Structure formats: C-alpha cells, structure tokens
Amino acid sequence: MILQVLPGEFSICKVSDMSAVDLTVQWLFVSKTDAELSVVCLREDVPRPCEVREDGWRAFRVAGQLDFCLTGVLAGLSTVLAQAGVSIFAVSTFDTDYVLVKQDRLATALMVLETAGYGVENNSA
C-alpha cells in the first residue's frame with residue numbers, strides 16, 4: 001500500500017454554518033452531525049468566522065481507489081501510528097482514506113509506517 005504525503009498545513013475547524021465555507025478551495029472535507037459542523041482544509045483556507053480551530057496538521061492519503069470490500073485499512077494505519085504514540089485524525093472519501101497527523105509527528109509517522117511495510121511518497125517539500 002502506497003501513502004502519498006499532501007503538500008501544505010491543514011487545520012481542523014468547527015464552524016456554526018456553511019455560509020463562510022469556500023467550496024472552491026483545493027482541499028476541503030466537511031462533516032455534519034446533529035451536534036456539530038466540522039471542516040478540514042488548508043490553513044490559509046480556514047473559514048471566517050470559525051468557532052474553534054486546530055492548526056498544524058499534515059495529511060497523507062492511501063494512493064489509488066480502495067474497494068469498499070477492503071477491511072482494516074484505517075485499522076492497520078492507526079494501529080502502527082498508535083503504537084508509536086502518534087495521534088491521528090482520519091477522513092474517508094468515496095475513493096480512499098486520508099490520515100492527518102500533527103506537523104511535529106509527521107517524520108515519526110512516516111518512518112514507522114515505512115518500517116511496517118507501507119510505501120511512502122513524500123513530494124510535498
């Protein structure tokens with residue numbers, strides 16, 4: 001399995017409504033429940049106003065399109081990272097999974113994932 005590191009610093013935000021969210025930005029994950037509305041985007045694209053935000057996240061994705069019958073993809077990644085003491089924030093799309101880790105833990109995360117047999121493409125500079 002190949003993991004691709006994405007460029008840029010991400011922020012995880014809680015917003016009160018969608019009116020401030022720019023749906024045209026390159027990276028945007030939105031989740032809504034009965035209790036909250038969350039947005040994950042590049043730091044420079046954080047909606048304003050924003051109730052609360054957590055900056056300093058880096059992201060990588062599982063390369064390619066994952067079949068829905070695959071099991072344990074996120075479990076495998078999260079287990080390796082948890083054993084190394086790396087917290088994650090995971091997001092899934094129709095095609096694949098994304099994992100965010102704090103910027104200061106990215107090098108450790110990539111090292112332990114490579115050691116566990118994952119391929120890593122880090123062209124993010």
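Student: What joins strand 3 to strand 4, and through how many residues?

Tutor: The model shown above is predicted. In it, a hairpin of four residues leads from strand 3 into strand 4.

Student: In which sense do strand 3 and strand 4 pair, and over how many bridges?

Tutor: Strand 3, residues 28–32, pairs with strand 4 in the antiparallel sense, and five bridges are found between them. As one example of residues facing each other, Lys32 stands opposite Leu37 in strand 4.

Student: Which residues form strand 2, and how does strand 2 pair with strand 4?

Tutor: Strand 2 covers residues 10–15, and its pairing with strand 4 is antiparallel over six bridges. Here Ser11 is the residue opposite Cys41 of strand 4.

Student: How many residues of strand 4 are buried?

Tutor: A residue counts as buried when its relative accessible area is under 20%. In strand 4, residues 37–42, six of the six residues are buried, so the strand is largely enclosed by the rest of the structure.

Student: Why can charged side chains pair?

Tutor: Side chains of opposite charge can pair when their charged atoms come close. For a salt bridge, a side-chain nitrogen of Lys or Arg must lie within 4 Å of a carboxyl oxygen of Asp or Glu. By this rule, the structure has three salt bridges.

Student: Which residue forms a salt bridge with Arg43?

Tutor: The partner of Arg43 is Glu9, with 3.3 Å between the closest N and O atoms. This pair links distant parts of the chain, 34 residues apart: Arg43 belongs to the loop between strand 4 and strand 5, and Glu9 to the loop between strand 1 and strand 2.

Student: Which parts of the structure does the pair of Glu54 and Lys102 tie together?

Tutor: The side chains of Glu54 and Lys102 meet in a salt bridge, at 2.7 Å from N to O. Glu54 lies in strand 5 and Lys102 in strand 7, so the pair ties together parts that are 48 residues apart in sequence. Glu54 is partly exposed, with a relative accessible area of 39%, and Lys102 is partly exposed at 25%.

Student: What is the distance between the closest N and O atoms in the salt bridge of Asp55 with Arg53?

Tutor: Those atoms are 3.0 Å apart. Asp55 is partly exposed at 29%, and Arg53 is partly exposed at 31%.

How values were computed:
Residues are numbered from 1 along each chain as its sequence is written. This is a predicted model: local features need pLDDT of at least 70, side-chain atom pairs count only at pLDDT 80 or more; totals for chains, interfaces and linings use all residues. Side-chain values use heavy atoms; hydrogens and water are left out. Buried means under 20% relative accessible area, exposed over 50%, partly exposed in between (1.4 Å probe, protein chains only). Helices (H or I, at least four residues) and strands (E, at least two) are DSSP runs, numbered from the N terminus. Two strands pair if DSSP finds at least two bridges between them.
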